[in-house]
Amino acid sequence: MSENNKLKLIPLGGMGEIGKNLTVLEYGDDILLIDCGLSFPEEEMLGIDVVIPDITYLLRNKHKIRGVVVTHGHEDHIGSIPYLLKKVKVPIYGTKLTLGLLETKFREHRLKNVDLRVVNYGKKVDLGIFQAEFIKVGHSIPDSAAIAIKTPVGTVLSTGDFKIDYTPVDDDVIDLNRFAELGQEGVLVLLSDSTNAEKPGHTKSESTVGETFDTIFGRHDGRVIVATFASNIHRIQQIIDASEANDRKVILSGRSMLNNTEVAINLGYLNVNEGTIIDLKDINKYDSSEITFVMTGSQGEPMAALSRIAASDHRRIQLEPSDLVILSATPIPGNEKTVSKVINNLIEKDVKVIYEGLADVHVSGHASQEELKLILSLVKPEYFIPVHGEERHLKRHAELAEEVGTVKENIFIVDNGSVIEFSKDGAKRGNRVPAGNILVDGLGVGDVGNIVLRDRKHLSEDGLIVVVVTIDKKNGKILSGPDLISRGFVYVRESEDLLKNAREVVTEVLLECERENITDWATLKYRLRNSLRNYLYDNIKRNPMVLPIIMEV
């Protein structure tokens, strides 16, 4: 069969991980992207701001890309789009709120004249050989969509992030009827959200959180501080509703919280009474029982508003003994320690803290097992690929698919860079493409790799010793030094003998090299590093980074 008659499905992110979602569909001379998100750095990625997918394959084939279809406005699905657009100019298709949030990101990245195209539910758009249809689903952010993509080989259906909420905050229920219709028409392959594949039963409705807020806000006499995701517009709406019902004013804190709520209000996705949201400078006009704070920091981010308040490091907000703090979110895997630290800091200040487990202040935005099985049963896909999850989530979702009748041989558990080829003759694995992590540090994109991270880890664990010496370039004799500068290794005033002896070790190496007439600085530095490392390890069992600096005059 001709290569041009095959549909290639290529995940470049979102497989075996939570975040960084990016799926590529390729048929002949046409490529369509589903989402383009980022993830946040793991603990060992010292100094890294965000992680984006490796788009080497897309850059090689950028002339084929017809557009990006976006399922919803969370960072793990839209966060890498600005980095993509700096390399490739392509149109972006999404619902109104999703594109509104993207516009804010484009301003931050100083991107202009981006081709944004709003797509309403049920509408179909042509992108080269592909035709995409946006379908209403429920999630923790409004305007979330599943996307059905018709290809010459068959229909590809991506659920995006979703759950089945029969009593949603916005009264806009998931369009299960369209899922069933697609199932009747025939779906070649289903890509489905696996985040909660290990959780039995159904995910609770978002409206249950609003009931809890209303009860808590009415009973508490002091200020209420709620930390949640800035993108969780439904949660913010319920905080505002509970505040208004209990005669409270709302103060927003955190840049992303301010930006997202402004976009949501302007586009009509947040309903707020006039005068409910006030500026922090007006706080003294109201009693403590009339104030609600809504802020970032539910994941313990060091620079977020709640973390700074908990550490008494916020310039404008200080805790009061009567404050009640609500963490309305579940820690993302890997953030448990930082969230726990924030909670402990708050409790040490005698502030009452409520978090998931103590009250229904958070529900997931992702489908649990029974909802996942319902979608599988309605769609009845010929092939199934679980997406958006760690390895354990993907495998459990695959097992659920088998339970509802999907043929085991037609279920693919793939990793980033895998290629699945679909044709009229069936499906098979193809040759891999480049995939991985690109690390963003400040304005640098991809300039920090494993070697730099290794050095950062070494410095963070063992510290640094700099050896500075000046040598006569004519005869190799020592003119000054050696001087030893210690950072993060030992406290100099308490380790004078150790450093004095270390200096003698370095001096002896320099004299040996002088006697041997060694003028190759690479060899000299190698000897200095080895000798000093061996001495320090033999004496105090530490292994700092040794950095020789040789100057010639």
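T104 is buried, with a relative accessible area of 9%, where buried means under 20% relative accessible area, exposed over 50% and partly exposed in between (1.4 Å probe, protein chains only). This is a predicted model, in which local features need pLDDT of at least 70 and side-chain atom pairs count only at pLDDT 80 or more, while totals for chains, interfaces and linings use all residues. Residues are numbered from 1 along each chain as its sequence is written, and side-chain values use heavy atoms, with hydrogens and water left out.

**The protein overall**
- The protein holds 15 helices and 25 strands; helices (H or I, at least four residues) and strands (E, at least two) are DSSP runs, numbered from the N terminus.
- Of the 553 residues in the protein, 54% are buried.
- Taking contacts between residues at least 6 apart in sequence, 70% join residues at least 24 apart; contact here means heavy atoms within 4.5 Å.

**T104 and its helix**
- T104 belongs to helix α4, which spans residues 96-108.
- Leaving aside residues up to four places away in sequence, T104 touches N259 and V263.
- Helix α4 lies across β6 (92-94) and β7, and runs at about 160° to β7; axes are lines fitted to C-alpha atoms, for helices over the stretch in contact, and angles run from 0 to 180 degrees between N-to-C directions.

**The eight-stranded sheet**
- β6 and β7 take their places in an open sheet of eight strands with mixed pairing, in the order β7-β6-β5-β3-β2-β1-β19-β20; two strands pair if DSSP finds at least two bridges between them.
- At the edges are β7 (116-118) and β20, each pairing on one side only.
- On average, neighbouring strands of this sheet are turned by 20° against each other, direction ignored.
- At the β20 end, β19 (residues 420-423) and β20 (residues 426-429) pair in the antiparallel sense over four bridges.
- A hairpin of two residues joins β19 to β20, and S423 has G426 in β20 as its bridge partner.

**Helices α6 and α7**
- Helix α6 (residues 207-219) and helix α7 (residues 233-245) have axes that come within 9 Å and cross at roughly 30°.
- The crossing of α6 past α7 is right-handed; a crossing is right-handed if the near helix is turned clockwise from the far one by less than a right angle, and left-handed if anticlockwise.
- On the α6 side the contact is made by S207, V209, G210, F213, D214 and F217, and on the α7 side by R235, Q238, I239, A242, S243 and A245.
- These residues divide into six nonpolar, four polar and two charged; Ala, Val, Leu, Ile, Met, Phe, Trp, Tyr, Cys and Pro count as nonpolar, Asp, Glu, Lys and Arg as charged, and the others, Gly among them, as polar.

**Helices α11 and α12**
- Helix α11 (residues 369-379) packs with helix α12 (residues 391-403) at an angle of about 55°, their axes 10 Å apart.
- α11 and α12 are therefore oblique to each other; angles under 35 degrees count as roughly parallel, over 145 as roughly antiparallel, 65 to 115 as roughly perpendicular and the rest as oblique.
- α11 and α12 make a right-handed crossing.
- Q369, L372, K373 and L376 of α11 meet R396, H397, L400, A401 and E403 of α12, a contact with four nonpolar, two polar and three charged residues.
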